[in-house]
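Okay, thanks for coming, everyone. Let me put the structure up and then we'll walk through a few spots together.

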Amino acid sequence: MKQENPALFIIFGGSGDLAHRKLYPALFNLYRNNYINKKFAVIGTARRDWSDDFFRDTVKESLKKFCEDEKMVQEFSSHFYYQSHDVNDSQHYITLKKLAQSLNDKYELEENRVYYMAIAPSLFGTVAGHIKSENLITDNGFNRLVIEKPFGHDFKSAKKLNDEISQTFDEEQIYRIDHYLGKEMVQNIPVLRFNNPVFNTIWNKDYISNVQITLAESLGVEERGGYYDGAGALRDMVQNHVMQILAQLTMEKPEEFTSQKVHQSKKELFASLKMLSSDEVDKNFVRGQYGVNLNQTQISYREGPNINPESQTETYVAGKIMFDNDTFRGVPFYVRTGKRLPEKSTRIDIVFKKDIKNIFTSLNESEIKENIFSIIIEPDQGYELLMNGTKVGMDFATDTFSMNFKRSAKELDKVPEAYERLMVNILDGDHTNFTHWDELSSTWKYIDVIRQKWDEEKEDFPNYRSGTFGPKKADDLLARDGNQWVFRG
Ligand SMILES: NC(=O)c1ccc[n+]([C@@H]2O[C@H](COP(=O)([O-])OP(=O)(O)OC[C@H]3O[C@@H](n4cnc5c(N)ncnc54)[C@H](OP(=O)(O)O)[C@@H]3O)[C@@H](O)[C@H]2O)c1
C-alpha cells in the first residue's frame, strides 16, 4: 500500500459546483487508490445551513456516476464534515478552528492542512486574512493554500490579490491551479522534448517554421454568462491555459525537472516574451464573438442568459506571440481559442521548415510538404507526424503520409483526471505543475496591453457563425506570414 499523506482539507465553497463536479470525485479517486485512506478528513464550508448528514448525501450524489460500491462511498463520505460559515464573519473561523483541531486528533492528521478556495475570487483575500488573524495555521504540519482561477482580472488586481494572500502564505505554500497543467498530454510535453534527442535537437528556430496552439470548444457559454461576460476568452483562456501550454513547449531545458528549476526556466522564458505596443495589437491579435449557426438552431452569444445584449466580450481569440530569445527568435507561435467552434479539440501543431534542397530531379518540388508534428491533447490523446515519401509503384512520385499514435480507449479510461493529479501534487508538496507568481505577473502584463486596446475600440460583433472556426481575420493573421492553420477539423 502507498504511504498515506495525512491531511485535513478545508474546502471553502464546499456546497458549490467546482467542489461537487471536480474536487469530491478527485478526492474519491485518491481514496480509492490509497493516496488518502484513513488519515484524512474534509470540512466543507458555505453559508447555507446544512447538517453533516445532508452534506455527506450531496457528496455521495456527486460520486454516483463514478462508483457503484456503496460501502466504499459510505466509508469515504464518513470523513466529511460541514460547517455553515460566512467568510466575512470572524466568529465562524473560531468554530472552524475548533472543528479542525478535533478532526486532527480524531484522524491523526499531523496538523497538515489544505485550504481550498472553491469560492468567488473576490473572497480569496478575506479568507486568507482570517486564516492568519484567527490562527488556523498550525505549528507542526504543512499549511497549503489552493487557489482557483481567475487569479485577478489584470496585473494590478492580480498583484493586489497576491499581496493579500502573501500576508498569510509564502509562495511555497501557495498552489495556483491551472488545470491544463494537470492534463496527461500537457505534462508529457517536457518529457517528449527533453528525453528524445530526435525532438530535442530540432526544437528551435533553425528547424521550426511556426507553432500553432488550438484550444477549441464546441459548446457556447451556456449558463455561465454572469461570469463570462465580465471575463472573455483573453482572460479566461489565453492569460492562463494557453500561456502555460506555450511555456511547456518553449521553456529552456531545466537542469533538473524540479519545481524550482522548472519555474526558473519558465520565469526566464516569460521575461523574453516580446511585448506588444498598443499599435501592434491589431496586427497580432484578433477577437471574435459567435453569432447564430447556419441553420439558426443555436442562439448567438448576446442572446444567452445574463449577457449584455450589446456585449463586446470576445468568445474567440487568435494571436501571434513571439519571443526575444536565442532559441525561438523569429518563430511565430500562433494561438487560438474559442467557443462554438466545430469541435472540441486541444492540440498543438508544430510546422517545420522546408528549406531542403530537392536532389530528386524527377520529383516535383512543390509537392514536398513541410513536416508537421502534432500533439493531440484532448479529447483523443496522441501524436501525428506528417512526412514526405514516395507513392507505391514504379513512378517514383512523391507522397505525404502520416505516422499516428493514439492512446487506446482502454488507456484513456485509466488516465487520471487533471484534478486528481494536482491533488496528489498538493499532498506531496510538489509545485511543478502550479503557476508561480512570476509567471502570472509576466503573462498579465502581456495580456493587459491587448485588453486595454480592445477596451478602447468597439468591434463589429458577432463576427463568426457558431459551428465555424472563428472570424476570417484569424486566417488573415497567418496568411500575412505566408502560413495557414493546420487544424481545420
Ligand atoms: N465550476 C468550475 O468548473 C470552475 C472551474 C474553474 C475555476 N472555478 C473557480 O472556482 C471557484 C468556485 O466556483 P464554483 O463554480 O464552484 O462557484 P459556485 O457554484 O457559485 O460556488 C460558490 C460557493 O461559495 C459559497 N459562498 C458564496 N459566498 C460565500 C460567503 N460569503 N461565505 C462562505 N461561502 C460562500 C457558496 O455557498 P453559499 O451560497 O451557501 O454560501 C458556494 O458553496 C471560483 O473561483 C471559480 O472561478 C470554477
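Predicted model: local features only at pLDDT ≥ 70, side-chain atom pairs only at ≥ 80, totals over all residues.

Residues are numbered from 1 along each chain as its sequence is written, and side-chain values use heavy atoms, with hydrogens and water left out.

Let's start with helices α1 (residues 17-32) and α2 (residues 52-63), whose axes are 9 Å apart at an angle of about 85 degrees. Helices here are DSSP runs of H or I, at least four residues, and strands are E runs of at least two, numbered from the N terminus. The axes are lines fitted to C-alpha atoms over the stretch in contact, with angles from 0 to 180 degrees between N-to-C directions. So α1 and α2 are roughly perpendicular, a label that covers 65 to 115 degrees. Among the residues that meet there are Tyr24 and Phe28 from α1, and Phe55 and Leu63 from α2; contact means heavy atoms within 4.5 Å.

Now, how many salt bridges does a search of the whole structure find? It finds 30, counting a side-chain nitrogen of Lys or Arg within 4 Å of a carboxyl oxygen of Asp or Glu. Take Asp236 and Lys149, with their closest N and O atoms 3.2 Å apart. Asp236 is in helix α10 and Lys149 in the loop between β5 (143-147) and α6 (155-166), so the pair ties together parts 87 residues apart in sequence. Asp236 is buried at 3% relative accessibility, and Lys149 is partly exposed at 26%. The cut-offs are under 20% relative accessible area for buried, over 50% for exposed, and partly exposed in between, with a 1.4 Å probe and protein chains only.

Back in α10 (residues 233-250), look at Gln244. Is Gln244 buried or exposed? It's buried, at 3%. Leaving aside neighbours within four places in sequence, its contacts include Asp178, Lys266 and Glu439.

Last stop: Ile359, Phe360 and Phe396 make a nonpolar surface patch with about 310 Å² of accessible area together. Phe360 sits in the loop between β12 (345-352) and β13 (372-378), and is partly exposed at 41%. Patch members have over 30% relative accessible area and no salt bridge; nonpolar side chains (Val, Leu, Ile, Met, Phe, Trp, Tyr) are joined within 5 Å, like charges within 9 Å. Areas come from Shrake-Rupley with a 1.4 Å probe, and for residues only the protein chains shown count as cover.

Conventions:
Parallel < 35°, antiparallel > 145°, perpendicular 65-115°, else oblique.
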